[in-house]
Amino acid sequence: MATESGIPDFRSPTGIWASLDPMEYATLSAFRRDPAKVWWFYRKRIEMLTAAEPNQGHVALRELERCGLIAGIVTQNIDMLHTRVGSSNVVEVHGSIRTSSCQSCAREHALSRVQELLEEQDAVPVCDSCGGILKPDVVFFEEQLPAPAIDAATELAETSALMLVVGSALEVHPVAGLPDRVVSRGGRVAVLNLGPTSFDRRAALKLELEAGATLARVVDLVDGRAEDGR
Ligand SMILES: [Zn+2]
């Protein structure tokens with residue numbers, strides 16, 4: 001989803017990790033060792049993500065939610081593009097850049113405040129209450145995924161007749177295990193991804209197509225706007 005908004009896939013050979021070692025920027029231990037270095041990276045990441053625009057795929061999923069065809073979106077993306085375009089039930093299992101929290105008193109700071117702090121204090125933004133170091137509310141390597149998000153994602157999987165897997169190779173657990181939960185309850189899984197995924201052989205449908213245009217076409221078909229009706 002995000003690559004079609006110009007956000008590089010961090011797993012691709014040309015993604016951000018191709019030139020940066022994730023162990024230096026995206027692990028909890030790296031953050032504790034050198035928060036200024038990690039914030040240097042996050043400042044750039046926040047600039048890139050807030051400049052990106054939702055694409056027709058984000059719009060299509062919002063429309064499918066509005067007409068009652070999808071119950072919710074589970075995303076590993078931290079870019080907030082689904083909520084920016086107006087989807088309401090979005091489960092962000094890897095957190096997002098929406099807030100950063102104080103590592104001392106846990107106070108949450110909104111993205112807009114974090115951006116101000118990054119302007120004022122160019123190394124590490126600190127807490128408005130206690131001066132503690134802020135950390136983006138994004139799941140770093142070595143961190144647990146937020147339990148409420150995993151619970152919500154699991155419940156969606158276990159109550160869905162159909163799961164659409166869009167733009168994921170299904171390599172990162174526990175999200176990669178969600179299609180299993182759908183199928184084990186008698187539901188079906190459709191995979192829309194350029195390239196193989198771990199669930200291809202068990203999916204009811206596998207499409208190797210661009211996400212945005214394909215989802216937009218689904219909305220057209222649902223609306224009865226498509227000319228050939230197929
Ligand atoms: Zn604090």
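Strands β3 (95-102) and β4 (108-110) pair in the antiparallel sense over three bridges, where two strands count as paired if DSSP finds at least two bridges between them, and where strands (E, at least two residues) and helices (H or I, at least four) are DSSP runs numbered from the N terminus. The model is a predicted one, in which local features need pLDDT of at least 70 and side-chain atom pairs count only at pLDDT 80 or more, while totals for chains, interfaces and linings use all residues. Residues are numbered from 1 along each chain as its sequence is written.

Within this pairing, threonine 99 has alanine 110 in β4 as its bridge partner. The two strands form a hairpin with five residues between them, and alanine 106, which is located in that loop between β3 and β4, has a positive phi of about 75° although it is not a glycine. Alanine 106 counts as exposed because it has 11 C-beta neighbours inside 10 Å; by this count a residue is buried if 20 or more other C-beta atoms lie within 10 Å of its own, exposed if 12 or fewer, and partly exposed in between, with C-beta atoms placed from the backbone.

Strand β3 also pairs in the antiparallel sense with strand β5 (residues 134-138), over four bridges, and here glycine 95 has valine 138 in β5 as its bridge partner.

The loop between β6 (162-166) and α9 (178-184) contains proline 174, which is joined to histidine 173 by a cis peptide bond with omega of about 5°. Leucine 170 is found in this loop between β6 and α9 as well, and its phi is near 55°, a positive value in a residue other than glycine. Leucine 170 is buried, since 21 other C-beta atoms lie within 10 Å.

Turning to the helices, the axes of α5 (residues 56-66) and α10 (residues 211-223) come within 7 Å and cross at roughly 30°, axes being lines fitted to C-alpha atoms over the stretch in contact and angles running from 0 to 180 degrees between N-to-C directions. That makes α5 roughly parallel to α10, because angles under 35 degrees count as roughly parallel, over 145 as roughly antiparallel, 65 to 115 as roughly perpendicular and the rest as oblique. Among the residues that meet are Ala60, Leu61 and Leu64 in α5 and Leu215, Val218 and Val219 in α10, contact being defined by C-beta atoms, placed from the backbone, that lie within 7 Å.

Notes. Contact = placed C-beta atoms within 7 Å.
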